[in-house]
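Open the model in a viewer and keep the sequence panel beside it. The stops below say what to select and what is there.

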Amino acid sequence: MRQFSNRPSEFEVTFLLDGVRYQYGFAMTAQRIVSEHLLVYKAFKPQRWFTRQFDIDAGKDVYDFGSGLKGLKNLWEGATRPNSLFLSMAVQLNSEALRPVFDWFLNRLVIFNEQAQLNPQVPVQMLKQAEGRQEICNFLSAADISIANIDVEIRKVPSQTVHFDLVAGNTEVRTEEMEEHRLRFHHVTEQGRAVFDLLDESNGTRNLLFLAGPVLEILRKGLTLVIDEIDTSLHTLLVRELVRLFHRPDIKTGGAQLIFTTHDTSLLDAPDLLRRDQVWLVEKDRDQASSLVALSEFSPRKNKALERGYLMGRYGGVPFLSATLGQKH
């Protein structure tokens, strides 16, 4: 991804699906899509299925279709609005060839951030089943959290809802029953037993619980998970165990992938956790423009203390600290 203040923002994703490599990207402004493309690697040499480029002089999009894309291409082109993607419109109009690409974004890419937060209902539904409850308890136990069992108590509570009758112009307040779930955590140690409610647990335990359901499902289905600030409310060692889950040979991950951002620099020196070509640093210049730089570009020596080198500024990606920081004015 590249983003500029006065130029189009560019996005490109490369992924494997059923052994075929796809490379899809587009560029956009606040007003329109200015370019779009799809390359398909069914062999060593890629097939260019389509390109789309906005011609400023002509004031319209110019398309170029390759022989690999079958279907009603002229119909899809004509129906695509300036501010919409050709990929989306073609799938809406029944393009079977582009459906797998669209479905990868829709069903196989999972994003957790401030706008798409973890849904606590996912682990709650798993906890209702014996198998799912055992999986989550094992997940938490592996993170050194002494939870032997989790009960889900379901009770009906009254709730008021407002119903509008637009035809008659009436408003009616109805009292209805809704399900409320209460989680009870059974802790067992050598010193004894204790039962806590969800709010009695730490933020780290709650976040790990909310992560457990989606992560187990992602590993089971071989999906791609993107997490912004993975270390929020999680101890460094818990973050490491979560990352290792996606590398453990004893777990059938189905090709599941984890992409995350973090400020936890200690992960750089965690043994056998991340390869150097898997680490990218965000470099912000004095104009506040950010760019991604691969750690492998610096060719650090094997067994080198990467965290220390990073904090010393050898690889970039560190903040510019003013000499007057913290001084009173």
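Start by selecting Glu217, which is partly exposed, with a relative accessible area of 28%; buried means under 20%, exposed over 50%, and partly exposed in between, using a 1.4 Å probe and protein chains only. This is a predicted model, in which local features need pLDDT of at least 70 and side-chain atom pairs count only at pLDDT 80 or more, while totals for chains, interfaces and linings use all residues. Residues are numbered from 1 along each chain as its sequence is written, and side-chain values use heavy atoms, with hydrogens and water left out.

Arg220 and Glu217 are three residues apart in helix H6 (residues 203-221), about one helical turn. Helices (H or I, at least four residues) and strands (E, at least two) are DSSP runs, numbered from the N terminus. Arg220 counts as partly exposed at 44% relative accessibility.

Lys221 is partly exposed, at 48%.

How many salt bridges does a search of the whole structure find? The count is 13. For another one, select Arg182 and Asp197, whose closest N and O atoms are 3.1 Å apart. Arg182 lies in strand E8 (residues 170-189) and Asp197 in strand E9 (residues 192-197), so this pair ties together parts 15 residues apart in sequence. Arg182 is partly exposed, at 34%, and so is Asp197, at 22%.

Then select Arg32, Glu36, Arg52 and Asp61, which are linked in a network of salt bridges.

Move to the open sheet, where five strands follow the order E1-E2-E3-E4-E5 with antiparallel pairing. Two strands pair if DSSP finds at least two bridges between them. At the edges are strand E1 (9-17) and strand E5 (60-65), each pairing on one side only. Select E1 together with strand E2 (residues 20-28): nine bridges join these antiparallel strands. Within the pair, Val13 has Tyr24 in E2 as its bridge partner.

Finish with helix H3 (residues 99-107), which lies across E1, E2 and strand E3 (33-41). H3 runs at about 105° to E1; axes are lines fitted to C-alpha atoms, for helices over the stretch in contact (heavy atoms within 4.5 Å), and angles run from 0 to 180 degrees between N-to-C directions.

Methods
A salt bridge is a side-chain nitrogen of Lys or Arg within 4 Å of a carboxyl oxygen of Asp or Glu.
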